[in-house]
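Please read the following points alongside the structure.

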Amino acid sequence: MTGQETAQGPKHKRDLTRRQVVAAGAGAVVAVGVGGAFAAGAFAGEETTAAKGKAAGTSGEACYKLTSETTEGPYYIDADKLRRDVTEDQEGIPLTLRLKVIDSDTCKPLANAAVDIWHCNALGVYSGYESMGSGGGGGTPPTGAPSGTPTGTPTGAPPGGGGGGHEEPTDDERYLRGTWRTDKKGEVVFRTVFPGWYQGRCVHIHTKVHVNGTWTDAGYEGGTTCHTGQLFFDEASVLATAEVAPYSTNTTTRTTLDDDTIYPGNGTKGGLLKLKYKKGAIAKGVTATLTMGVDPEATQDGTGDSVQPGASASASAG
């Protein structure tokens, strides 16, 4: 546990350690808000996806193709925060993220999988990397004339949550990061805020799916990472958020969905979320849904490529 996980105000009532989650029982949800406990599978006052949809594998649900793999990006952290509400004290438009994980071959739901999400805040800053500025793109610009002339050709991906190697965290903040387990219908719901943008990337959320591990008193152990992807937002919704504070104060040049170098351009298969919000009143909140088809037999290394059989891969949930 980091120093930022010390109980502060109402935050400590909704953050669960790995030990607390497992101790509550294999199928129970015990997160408690100010108003008390809420039912498994839904936040207080919310209707579950299962209550509104049909069970996976029935004739009423089309089988999804394999969801596109993308790069992990440099800002993944095993934050040891098993929770569905990752908001902490971050300002922004409320976002309810409903994900369903199924086997892309059989269309059957994957229960007890560990799903990670992490993303920047409304101003494009990642927790754990605040000193690096918007999207980890370098912080405060230098002053004065540059000394010396650079040589060679620039390499690597643009700054931010695209490609590139892993960066070590620079601080103990862990907002907008969390992990939760899928229920028997393969569903998991997170509460967060609509992400902002930063140089070189469109608006997105990172995600991982871990399977075949064991939930123990230490958390989610062993298993493999069968999916590493990113979730994307349509241009109309992003333009609507840009009219709302604090997004409207973000002066960083925004990359559109079509110009993004990571988005595969193939709609929901590529991670494009289905969004629902009141037209003209997006500030009141957005619900985003997606069914992710994964190959539970695969092992992903975070680069968009599969690890060959016999190779090792981290399955940490965080």
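1. Helices (H or I, at least four residues) and strands (E, at least two) are DSSP runs, numbered from the N terminus. The model discussed here is predicted. On this numbering, T67 is placed in the loop between α2 (49-52) and β3.

2. Is T67 buried or exposed? T67 has a relative accessibility of 5%, and buried means under 20%, so T67 counts as buried. Leaving aside its neighbours within four places in sequence, T67 is in contact with H227, K269, T291, M292 and G293.

3. Strand β3 (residues 94-103) runs antiparallel to β6, and seven bridges join the two. Within this pairing, R98 stands opposite V189 in β6.

4. Strand β6 covers residues 187-193, and six of its seven residues are buried; the strand is therefore largely enclosed by the rest of the structure.

5. The largest nonpolar core comprises 37 residues, and those with the most contacts inside it are L97, L99, F190, F194, V209, L231 and F233. At least two residues of this core come from each of β3, β4 (114-118), β6, β7 (204-211), β10 (224-232) and β12 (286-294). The most is given by β12, with five residues. In soluble globular proteins, nonpolar side chains tend to be buried together.

6. What does F194 touch, not counting residues up to four places away in sequence? The residues are I93, L95, V203, F233, S237, V238, T241, Y247 and V286.

7. Another core lies apart from the largest one; it has nine residues, among them Y75, Y76, I77 and Y126.

Definitions and conventions
Residues are numbered from 1 along each chain as its sequence is written. This is a predicted model: local features need pLDDT of at least 70, side-chain atom pairs count only at pLDDT 80 or more; totals for chains, interfaces and linings use all residues. Side-chain values use heavy atoms; hydrogens and water are left out. Buried means under 20% relative accessible area, exposed over 50%, partly exposed in between (1.4 Å probe, protein chains only). Two strands pair if DSSP finds at least two bridges between them. Contact means heavy atoms within 4.5 Å. A nonpolar core is a set of buried Ala, Val, Leu, Ile, Met, Phe, Trp, Tyr and Cys residues joined through side-chain atoms within 4.5 Å.
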